[in-house]
Amino acid sequence: MDYKESISKLTNDVKNKVISAREITGYFMDRIKKNDSQLTAFMEIYEKDSLLKAEEIDKKIQSGQKTGLLAGLPIAIKDNMCITGKKTTCSSKILENYISPYTATVIEKLEQEDAIIIGKTNMDEFAMGSSTENSAYKVTKNPWNKDYIPGGSSGGSAVSVSAGLSALALGSDTGGSIRQPASCCGVVGLKPTYGRVSRYGLIAFGSSLDQIGTFSKYVADSALLLQVISGYDRKDSTSANIPVPDYKALINSRKDLKGLKIGLPKEYFISGIDKDVSEAVKESIKVLEKLGATILDISLPHTEYAVAVYYILAPSEASANLARFDSVKYGYREENTSGLMDTYRKSRGKGFGSEVKRRIMLGTYALSAGYYDAYYGKAQRVRTLIKKDFEEAFKKVDAIVTPTAPSAAFKIGERTDDPLQMYLSDIFTIPCNLAGIPGISIPCGFTKNNLPVGLQILGRHFDEKTILEISNSYEQATAWHLKYPEV
Amino acid sequence: MKITQKDVEYVANLARLEFSEDEKKTLTLQLERILGYMDKLNEVNTSDILPTASVVDLKNIFREDIVENFKNTDGIIANAPEREERFFKVKKIIE
């Protein structure tokens, strides 16, 4: 058994009885036990449940029953997705004792395909952050260098895959929370189109931006996982009723990138980007050209406004979504209070961490009487322009390539004192969420300090196929995906 | 945009959040700096631009209005910080 195997190899081995689901699950469980005390990627580990489920799958195989697409494959789940009877904390004190009374649709889909849910991963509280340092419980370490952040907010999920603690992981991405940690940890991270994957059972942060997506070591594995979790769900009326393609078969049938046009937006290749990052990205573009793609210079003129738009809209939506944490039906309650209003204020004041409170304040301010038009209204108008930039660009090109982040992972503690500086880490990932298009980050090199660099590929609405094809061809032509951190 | 501690207190009340004096001071400075950055949006002329309502072509979805009983009501009630029988219990509402 080797954690470096692709999941298609592992699922085949399980089906052909070369290895049992029990052995695979036990193997990853041992890796978690051995490494997670240092990396602290996990909030909770479901050892007993996982092994029981694995044995069930082995019995199915022994008795000749059909098994699912992910039979026996351990997957880690970001701790903002609900599983009946399990804690869902969003890495917040306010949900410390919350037990989900229902299960998210993505989890049901994984279980239908016989995946093994091995545990829940650490995150920035309520998915607000770019370093996972905003967790109310623990700081997750980057497996490439434990003095560095793993990115965020889905930092625990990215680390789990990067360090080989699980074969796959799910995260959520509101402004880059899958792609940026994937870039920091040297793994594949995919944010699907808004509406591609049901969000029923995902604790809401910014409802017009949130999307569940995948982490994997290899592109083909994310393609398969996307196929499993995608599709219309009547419990999420924002999920799209569009057929789900066989992503994996599609990307395997393409051998080169001939006939594809790839755009390089000049606004993403500006001064201020770390030199090692821009060099790695430039080298990757040469590889794409060699594979037959036509590279074109394009412009997305409103890019520089994306961070301002996002940090008005996302906190505004968050302030509304997080109003439900009133300490009445669930969540932390402060007992020593003078009445109901005082209970609200004290429970929320103590239960939420400082970044979450900062964003609720920003959002409440932006939506308050007298300021709504100047902030929220203005931001939604500029968002229309950002969306139009992409529509214009996609008339000329099939995909857009950029760095995922302006720098590789930064040191733990380096940006915690300056929220605005932290917000600017998301400068290249945010526009994709504002426009609702799909985006992926794939490993494309290393800095001189041996920290991974990510390449971001953006596509048209519901055209995950093209960005997966480009990613897969690039991966086949390079060797970055074969490098592993020493943990 | 100048933000005062009074603004912070006003918004904190709307948001049902209690802050210490120190937190209020820090927030006043941080909100002023962050909102100052947002002023950048005033450079963009949006007089003829409609605000975004949805990023993909979302249509309203109707379904039959049929009651489906949620099976795990015990699981919901169990999360209540305080309850009596099958009711959520709170402090006196009318003050």
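Predicted model: local features only at pLDDT ≥ 70, side-chain atom pairs only at ≥ 80, totals over all residues.
Two packed helices are described by the angle between their axes and the distance between the axes. In chain A, helix 2 (residues 21-39) and helix 3 (residues 47-62) have axes that come within 8 Å and cross at roughly 160°. Angles over 145 degrees count as roughly antiparallel, and helix 2 and helix 3 of chain A are therefore described in that way. The crossing of helix 2 of chain A past helix 3 of chain A is right-handed. On the side of helix 2 of chain A, the contact is formed by A:Ala21, A:Arg22, A:Thr25, A:Gly26, A:Met29 and A:Lys33. Helix 3 of chain A contributes A:Glu47, A:Ser50, A:Leu51, A:Ala54, A:Glu55, A:Ile57 and A:Asp58. Sorted by class, the residues of this contact between helix 2 and helix 3 of chain A are five nonpolar, three polar and five charged.

A second pair in chain A consists of helix 7 (residues 219-229) and helix 16 (residues 464-477), whose axes lie 9 Å apart at an angle of about 155°. Helix 7 and helix 16 of chain A are therefore roughly antiparallel to each other. A:Val219, A:Ala220, A:Ala223 and A:Leu226 of helix 7 of chain A make the contact with A:Glu464, A:Leu468, A:Ser471, A:Asn472 and A:Glu475 of helix 16 of chain A. This contact of helix 7 with helix 16 of chain A holds five nonpolar, two polar and two charged residues.

In chain B, helix 1 (residues 5-14) packs against helix 2 (residues 21-38) at an angle of about 105°, and the axes are 9 Å apart. Helix 1 and helix 2 of chain B are therefore roughly perpendicular to each other. From helix 1 of chain B, the residues B:Gln5, B:Val8 and B:Glu9 meet B:Glu21, B:Lys24, B:Lys25, B:Leu27, B:Thr28 and B:Leu31 of helix 2 of chain B. The contact of helix 1 with helix 2 of chain B comprises three nonpolar, two polar and four charged residues.

The two chains also meet each other: 54 residues of chain B are in contact with 68 residues of chain A. The size of an interface is often given as the accessible area lost when the parts come together. Between chain B and chain A the buried area is about 5,500 Å², and carbon and sulfur atoms give 66% of this area.

Side chains of opposite charge can pair when their charged atoms come close. Six salt bridges are found across the interface of chain B and chain A. B:Glu68 forms a salt bridge with A:Arg234, with 2.9 Å between the closest N and O atoms. Over all chains, the count is 35 salt bridges. Within chain A, the side chains of A:Lys448 and A:Asp276 form a salt bridge with an N to O distance of 2.8 Å. This pair links distant parts of the chain, 172 residues apart. A:Lys448 is in the loop between strand 10 (439-446) and strand 11 (452-459) of chain A, whereas A:Asp276 is in helix 9 (residues 275-290) of chain A.

A:Cys90, a residue other than glycine, has a positive phi near 50°.

Methods: Residues numbered from 1 in each chain as written. Chains lettered and ligands numbered in written order. Heavy atoms only, no water. Axes fitted to C-alpha atoms, helices over the stretch in contact; angles between N-to-C directions. Helix = DSSP H or I, 4+ residues; strand = E, 2+ residues; numbered from the N terminus. Parallel < 35°, antiparallel > 145°, perpendicular 65-115°, else oblique. Left-handed = near helix turned anticlockwise from the far one by under 90°. Contact = heavy atoms within 4.5 Å. Nonpolar A, V, L, I, M, F, W, Y, C, P; charged D, E, K, R; others polar. Buried area = accessible area lost by both parts, 1.4 Å probe. Salt bridge = Lys/Arg side-chain N within 4 Å of Asp/Glu carboxyl O.
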